[in-house]
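Please look over the model below before reading on.

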Amino acid sequence: MRFVDSHCHLDRIDLEKEKIDFGTLFENAQANNVEHMLCVAISLDQFPAMVEKSKNYKNVSFSCGVHPLHVGEDKNFTLKDLHELASDQRVVAVGETGLDYYYSKDSIADQQKAFAHHIEVGNKLNKPIIVHTRDAREDTIAILKEQNADKCRGVLHCFTESWEMAKQAMDLNFYISISGIVTFKSAAELQDVVRKMPLDRLLIETDSPYLAPVPYRGKQNQPAYVKHVAEFVAQLKNISVEEVAEQTTQNFKDLFTTAKL
């Protein structure tokens with residue numbers, strides 16, 4: 001049984017807080033049958049350091065992009081810069097990008113422009129995009145359609161939206177990624193979405209170091225905990241965790257085709 005953590009931020013995990021080193025983080029993941037991790041960028045400025053930190057570990061892939069809440073922080077960010085960095089053969093995806101109207105309504109126009117740029121680069125490089133969306137359901141789907149994101153495909157990560165939005169995303173050849181939020185008692189709507197979701201369009205993730213699943217809720221997250229997401233998904237869908245592991249790993253391979261598993 002093998003799991004893939006389809007979305008984590010390894011460079012943002014506070015190892016000192018956990019009293020472990022980087023190698024132990026990977027040993028913990030391996031001990032919990034996590035065979036691969038996708039380390040996701042939130043800033044072009046921080047991208048080189050993120051890659052440098054994990055480059056010696058063969059079971060890590062990388063994405064390249066600017067998180068919507070960090071749009072504006074990369075002072076020299078241009079479409080050309082994004083294209084150049086995302087062209088790196090170690091980069092299997094573009095993002096994370098998207099829209100966040102919950103935390104930042106002042107930068108909506110800049111977010112939308114950056115989102116469109118990411119999709120353009122994804123289409124040019126034939127690499128899928130990783131999408132963050134919060135309180136922006138209609139605009140997220142509209143921009144995906146307008147920019148022909150069905151060509152490069154992608155994933156709505158850490159999904160917390162409606163079944164209707166999930167269906168619209170799947171119609172655009174997108175996958176839906178489920179994080180530890182699904183294990184929270186307050187996540188009844190998301191749990192219902194997971195019950196309805198076809199297994200061949202699901203991914204699992206930790207979004208480490210954030211959103212640790214039960215029984216680690218409130219603590220710092222790490223890739224080893226993705227198995228708890230898989231176990232909860234299995235319970236919701238009344239199938240074995242082995243089936244969840246097998247299918248979500250295959251889904252990851254089908255979407256992120258250049259990742260070396």
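1. Which residues does Leu 10 touch, not counting residues up to four places away in sequence? They are Phe 22, Leu 25, Phe 26, Met 37, Cys 39, Ser 54, Val 60 and Pro 223. Touching, or contact, means heavy atoms within 4.5 Å.

2. A note on the basis. This is a predicted model: local features need pLDDT of at least 70, side-chain atom pairs count only at pLDDT 80 or more, and totals for chains, interfaces and linings use all residues. Residues are numbered from 1 along each chain as its sequence is written, and side-chain values use heavy atoms, with hydrogens and water left out.

3. The largest nonpolar core has 69 residues. A nonpolar core is a set of buried Ala, Val, Leu, Ile, Met, Phe, Trp, Tyr and Cys residues joined through side-chain atoms within 4.5 Å; buried means under 20% relative accessible area (1.4 Å probe, protein chains only). Among the members that touch the most others are Leu 10, Ile 129 and Phe 159. Helix α9 (residues 226-237) gives the largest share, six residues. Helices are DSSP runs of H or I, at least four residues, and strands are E runs of at least two, numbered from the N terminus.

4. An open sheet has eight strands, in the order β1-β2-β3-β4-β5-β6-β7-β8, with parallel pairing. Two strands pair if DSSP finds at least two bridges between them. β1 (3-8) and β8 (202-204) stand at the edges with a single partner strand each, so one side of each has no neighbour in the sheet.

5. Three bridges join β5 (residues 129-134) to β6 (residues 154-156). Ile 129 stands opposite Gly 154 in β6.

Note on methods: Buried < 20%, exposed > 50% of the residue type's maximum accessible area, 1.4 Å probe, protein only.
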